[in-house]
Amino acid sequence: MPVCQHCGETWSYKESLKQLLKLRRKMTCEHCKEQQYSSQRSYWVSQMAFLPAYFIIIPLMNIVFNVGFLVGFLAITPLLIFYILITPKLLTLSNKEEPLW
């Protein structure tokens with residue numbers, strides 16, 4: 001679970017998920033109210049975890065099962081839900097905003 005770099009408090013799963021669902025890199029610690037940022041490594045790990053679904057699984061389903069993109073996307077919905085549930089565990093925090101590349 002993520003740890004605030006300012007006050008050292010560990011964020012709860014619910015707290016982390018709530019901050020991540022806002023879809024911003026800038027997050028506010030519930031304990032000390034300081035700004036925290038998703039680290040560069042954390043951002044890339046979370047993005048790369050779901051990337052294969054778009055570029056491998058959906059096209060493969062189209063080739064093998066001859067289904068359209070929408071059907072393929074609906075088929076990977078459980079994977080999307082799993083991704084949303086696992087992302088708070090991959091989150092690490094930083095005091096400053098790091099460039100993504």
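Lys 14 sits in helix 1, and with 69% relative accessibility it counts as exposed (exposed means over 50% relative accessible area, buried under 20%, partly exposed in between, with a 1.4 Å probe and protein chains only). Helices here are DSSP runs of H or I with at least four residues, strands are E runs with at least two, and both are numbered from the N terminus. This is a predicted model, where local features need pLDDT of at least 70 and side-chain atom pairs count only at pLDDT 80 or more, while totals for chains, interfaces and linings use all residues. Residues are numbered from 1 along each chain as its sequence is written, and side-chain values use heavy atoms, with hydrogens and water left out.

**Helix 1 and what covers it**

- Lys 14 and Pro 88 are 74 residues apart along the chain, yet their C-alpha atoms are separated by 8.5 Å.
- While Lys 14 is exposed, helix 1 (residues 13–20) has Glu 15, Ser 16, Leu 17 and Gln 19 as its buried residues.
- The cover over those buried residues includes strand 1 and helix 4 (contact means heavy atoms within 4.5 Å).

**Helix 4**

- Helix 4 covers residues 77–90, and its 14 residues should span 20 Å at 1.5 Å a residue; the end C-alpha atoms are 20 Å apart, so the two agree. The expected span is 1.5 Å times one less than the number of residues.
- There's a kink of about 25° at Ile 84, shortly before the proline Pro 88. The bend at a residue is the angle between axes fitted to the seven residues ending there and the seven starting there.
- Tyr 83, Thr 87 and Pro 88 are buried in this helix.

**Helix 2**

- Phe 50 belongs to helix 2 (residues 40–65) and counts as buried, at 8% relative accessibility.
- Leaving out residues up to four places away in sequence, Phe 50 touches Ile 76, Leu 79, Leu 80 and Tyr 83.
- From Arg 41 to Ile 81 it's 40 residues in sequence and 22 Å in space, C-alpha to C-alpha.

**The aromatic pair**

- You'll find one aromatic pair in the structure. Tyr 43 and Trp 44 have ring centres 5.8 Å apart and planes at 80°, so they pair edge-to-face.
- The rule for Phe, Tyr and Trp rings (the six-membered ring for Trp) is centres within 6.5 Å; planes under 30 degrees apart are stacked, over 60 edge-to-face, and the rest tilted.
- Tyr 43 is partly exposed at 26% relative accessible area, and Trp 44 is partly exposed at 32%.

- Cys 7 is in no disulfide, and its nearest cysteine sulfur, from Cys 4, is 3.6 Å away. Cys 7 is partly exposed, at 32% relative accessible area.
- Cys 32 is in no disulfide either; the nearest cysteine sulfur belongs to Cys 29, 3.7 Å away. Cys 32 is partly exposed, at 23% relative accessibility.

**Core and strands**

- Which residues make up the largest nonpolar core? There are six: Cys 4, Trp 11, Met 27, Cys 29, Leu 91 and Leu 93. Such a core is a set of buried Ala, Val, Leu, Ile, Met, Phe, Trp, Tyr and Cys residues joined through side-chain atoms within 4.5 Å.
- In soluble globular proteins, nonpolar side chains tend to be buried together.
- Neighbours within four places in sequence aside, Leu 93 is in contact with Pro 2, Val 3, Cys 4, Gln 5, Trp 11, Met 27, Gln 36 and Tyr 37.
- Ser 38 is in strand 2 and is buried, at 7% relative accessibility.
- Beyond residues up to four places away in sequence, Ser 38 touches Arg 25, Met 27, Tyr 43, Leu 91 and Thr 92.

- Most residues other than glycine have a negative phi.
- Lys 33 isn't a glycine, but has a positive phi of about 65°.
- Lys 33 is in the loop between strand 1 (26–28) and strand 2 (35–38), and is exposed at 55% relative accessibility.

Methods. A disulfide is a pair of cysteine sulfur atoms within 2.5 Å.
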